[in-house]
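Let's take a walk through a protein chain together. Keep the picture in view as you read.

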Amino acid sequence: MPALPAPPTARRAAALVPVLVGITLVVAIISSLGAPLIPSVATSLDITLDSAQWSLTAALLAGAVSAPILGRLGDGPYRREAIAGSLLVVLAGSLVAGVAESLPVLVVGRTMQGVGLGLAPITMAAARDHLPPHRAPAVIGILSVSAAAGIGAGYPLSGLIAQGLGVHAAFLFGAVISALALGAALAVIPSSRESNRVPLDVRGAVVVAVGLVALLLAIGQGESWGWSSAVVVGLFALSVVVFALWVRMQLACAAPLVDLRQLRHRPVLVADFAAVLLGLALYMFLTLVTEFVQTPVAEGYGFGATTLVAGLCLVPFSIASLAASRTMGPLMRRLGARAVLVGGSLVISAAGVFFALVHGALWEAFVTMGVVGIGFGYTFAAIPGLITRAVPEEETGSAMGFYQVVRSIGFSVGSTLSASILAGHTAVGAALPSERGYVVALWVGAGGCALAAVASGVLSAGAMVGAPSAERVQRDRDDARLAGAGLPDAESDRPR
């Protein structure tokens, strides 16, 4: 029988939820320091906009690599140490980014900050193991919502600091809040030393990191180096070979970094495919909108907005995503998770098409991001429901860990792809792309969401036919609680 984690003391138990939520908020805020600051980074370091984009892409790439590693550590006896160590790396990275005077140094710092993005699964694992079973699902739902709320707070906050104290001060702000989170984690999060030791597939982590770097470098530099150049073609070929090797390694490994066998479940495959496309579109829209509104009016488009105003454009995104998640319960009961995923994807696609066609006033950017928030509030809440209903209970953790990985990969590719498209529409000797570059990128993001809707609707059709079992009904209730819908639990439904 597997060992169980030691229960926290009464004092720690009372503070555990606020600390876990605080860590999630801190990580979300620090990760959001990239997008609204890209134009300021380009100006401060005297580099092009697509080069400055790597200050965001590097963090997302680090998050994609660290998520499965921290996820594995989170299921073993070193969860508390893994959280503290990750926050320490984020703290050091914030200091490096805060004093960086060149792009390579800044990318190093942002890469270290991005390690914190892998903490989301591990905080949820802590809530699952150290809280009573009846309370854990609701807290995990709060943690999920906190990620979106952190982005909404981080964009205007970083913009305010950068506007008043400079771009370096915004990165140093990350050091302050990560230090506070580190202290709280050490004081409150219980030890999991009583848990069984979980093997860590170090080789798998190294191989997947090489494949991701090769892929993102090829996408990010394809326009400037030439898509048919030997270097870019070689990078794409290397990524294909490395990923093929990684898949073979994971399937042959007794304790893989990521259990790819979960993809034998068709709803899991569909949900993860949709997660990649939606993650790609999310960071494309976040980047494109914040950069567009900051473009000087003299360029013939844009609004010459400050970094603070650009950050405020993302507040409707967080508010709308939170509000949408609160309506998930009735929708999932009436329509099902698959229909909600399809509808949410189409809503996001429509928002991208709207801004691609109509972007002559600042209010249109606010409306666009509000609609995007509604779509992501539905889709990112529906995907876990598809996954958890398709896999056995004992495989749920592994399946959700893989979902976090593929979503992070989508984030990274979206950030890199938007930079590549804008670079391809920047004239020789010009610092800023043309308006058409933004329009093309918005259509690409909208197309990705439309493809996610088609895949979700067609490929998963008939995958869950039949009357729901008692276990599935309970999982539906858990899904609704995770989405923040506040449905009554099984106990409250019983006759008194």
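How many helices and strands are there in the chain? The chain has 21 helices and zero strands, where helices (H or I, at least four residues) and strands (E, at least two) are DSSP runs numbered from the N terminus. You are looking at a predicted model, in which local features need pLDDT of at least 70, side-chain atom pairs count only at pLDDT 80 or more, and totals for chains, interfaces and linings use all residues. Residues are numbered from 1 along each chain as its sequence is written, and side-chain values use heavy atoms, leaving out hydrogens and water.

Now look inside. Of the 496 residues in the chain, 55% are buried (under 20% relative accessible area, with a 1.4 Å probe and protein chains only). The largest nonpolar core has 130 residues; such a core is a set of buried Ala, Val, Leu, Ile, Met, Phe, Trp, Tyr and Cys residues joined through side-chain atoms within 4.5 Å. I23, L278 and I383 touch the most other members, and α12 gives this core its largest share, 17 residues.

Helix α12 (residues 266-294) packs against helix α16 (residues 337-357) at an angle of about 25°, their axes 12 Å apart. Axes here are lines fitted to C-alpha atoms over the stretch in contact, and angles run from 0 to 180 degrees between N-to-C directions. The two helices α12 and α16 are therefore roughly parallel, a label for angles under 35 degrees.

Note on methods
Parallel < 35°, antiparallel > 145°, perpendicular 65-115°, else oblique. Buried < 20%, exposed > 50% of the residue type's maximum accessible area, 1.4 Å probe, protein only.
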